[in-house]
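This briefing goes through a structure by topic, for a reader who has the sequence and the coordinates at hand. Please read the points below alongside the display.

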Amino acid sequence: MANVLINAPKTARRGEIIEIKALILHPMETGFRPGTNGSIIARNIIERFTATWNGDEIFRIDLSPAIAANPFVSFFAVATDSGTVSLRWSGDEGFQVEESIAITVE
Amino acid sequence: MMRLRIGLCLASVFVASLALAQGGIDKRRSGYQDMGPSLQKMQDDGTANPGMLFVQLGAQAWATPAGAANKACVDCHGASGATMKGVALRYPAIPEGADTPADLEARINLCRTANQKAAPLPPESRELLSLSAYVAHQSRGQPIAPPDDPRLAPFRERGAALWAARQGQLNLSCAACHDDNAGKKLAGVTIPEAHPTGYPVYRLEWQTLGSLKRRLRNCLVGIRAESYAYDSPEYVMLELFLMERARGMAFEAPAVRP
């Protein structure tokens with residue numbers, strides 16, 4: 001179940017630099033910790049986060065096991081055209097989440 | 001002479017009002033005030049506070065039917081959760097028909113077993129924390145208001161005694177740090193006054209939401225004392241004492257703490 005909080009402006013002036021912030025619920029299990037029975041807890045992290053603006057990729061990061069649970073991502077983009085910003089998280093155990101927000105550029 | 005008398009009169013009024021104002025100043029500090037500005041912003045921003053993820057989960061759980069009765073919280077308490085406004089401010093309290101106090105988590109589980117006919121949620125489980133975060137969030141910004149129930153007094157007194165009792169290998173009491181040395185440093189960290197203003201709290205050290213009970217266990221481990229079992233009444237007594245101690249302070253749940 002996707003549980004995401006996104007903070008981005010709904011409208012922007014053309015050429016304006018806007019900040020997009022996204023927070024997602026995820027354990028980010030490192031794969032290095034032993035469980036209560038001594039065996040290693042399998043790694044379960046988000047491997048990649050990408051953002052696209054009307055289908056064009058504008059931002060991408062690879063996440064590592066050292067990143068804390070519930071990763072918070074913040075990045076800047078230049079508002080060019082009205083449209084949809086899609087945020088995608090993908091990772092271990094088939095983790096796939098996509099959330100879209102609409103931004104109007106005036 | 002007349003002018004002097006008016007002057008004296010004004011001066012005494014000023015002194016009296018200053019004394020009143022100073023008497024009225026609340027010197028208690030929430031852990032919020034001891035955090036850096038970036039963490040304060042994190043707590044205040046509803047889209048940067050990770051506790052809000054659990055509030056969102058709690059809102060989903062609030063609307064999901066459970067148990068043999070197949071009832072959801074919304075069926076009795078309404079969809080908005082606004083009926084829960086102020087509830088977290090007055091717990092622990094004695095539920096109807098009971099004679100011992102229960103904290104918010106125990107009260108939620110009581111509702112589950114009695115009304116939903118469902119199994120109680122395990123302590124510190126994601127669903128229980130989410131529901132208590134959802135309920136507690138409704139009271140955000142309001143002053144903590146423990147009930148004036150005389151039946152609570154003996155439990156609160158026992159909580160106060162626990163607070164003052166030295167225990168563990170380090171032979172420390174809660175009061176030794178949080179009353180006598182609050183505001184000073186312990187290994188570079190400011191010792192807070194331990195007001196339960198924001199529980200359940202998102203602790204960066206835990207990387208998840210945790211209850212006041214978990215926080216109390218944390219301190220018990222820290223002083224190398226044996227922590228009480230999760231269902232033992234000692235926690236509720238301490239919570240009762242702490243909520244009374246923080247009476248009137250603004251409620252911040254879900255708070256962020258380092």
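How many residues of chain A are in contact with chain B, and how many residues of chain B are in contact with chain A? In this predicted model, 14 residues of chain A are in contact with 15 residues of chain B.

**Interface between the chains**
- The area buried between chain A and chain B comes to about 1200 Å², and carbon and sulfur atoms give 57% of that area.
- On the side of chain A, Asn3(A), Leu5(A) and Leu25(A) supply 43% of the area that this chain buries against chain B, which is more than any other three residues.

**Largest pocket**
- The largest pocket has a volume of about 1100 Å³, and among the 36 residues that line this pocket, His178(B), Pro192(B), Arg203(B), Arg215(B) and Cys219(B) lie nearest its centre.
- The elements giving two or more residues to the lining are α9, β2, β3, α10 and α11 of chain B, and the largest share, 7 residues, comes from α10(B).
- Sorted by class, the lining of the largest pocket has 22 nonpolar, 9 polar and 5 charged residues.

**Packing of two helices in chain B**
- Helix α6 (residues 104–116) and helix α7 (residues 126–137) of chain B pack at an angle of about 110°, with their axes 10 Å apart, which means that α6(B) is roughly perpendicular to α7(B).
- To this contact α6(B) brings Leu104(B), Glu105(B), Ile108(B), Asn109(B) and Arg112(B), while α7(B) brings Glu127(B), Leu128(B), Leu131(B), Ser132(B) and Val135(B).
- The residues of the contact between α6(B) and α7(B) divide into 5 nonpolar, 2 polar and 3 charged.

Technical notes. Residues numbered from 1 in each chain as written. Chains lettered and ligands numbered in written order. Predicted model: local features only at pLDDT ≥ 70, side-chain atom pairs only at ≥ 80, totals over all residues. Heavy atoms only, no water. Axes fitted to C-alpha atoms, helices over the stretch in contact; angles between N-to-C directions. Helix = DSSP H or I, 4+ residues; strand = E, 2+ residues; numbered from the N terminus. Parallel < 35°, antiparallel > 145°, perpendicular 65-115°, else oblique. Contact = heavy atoms within 4.5 Å. Nonpolar A, V, L, I, M, F, W, Y, C, P; charged D, E, K, R; others polar. 1 Å grid on protein atoms, 1.4 Å probe; cavity = no way out; pocket = protein on both sides within 12 Å on 5 of 7 lines; lining within 4 Å. Points joined across faces, edges and corners; volume = space filled by probe spheres on them. Buried area = accessible area lost by both parts, 1.4 Å probe.
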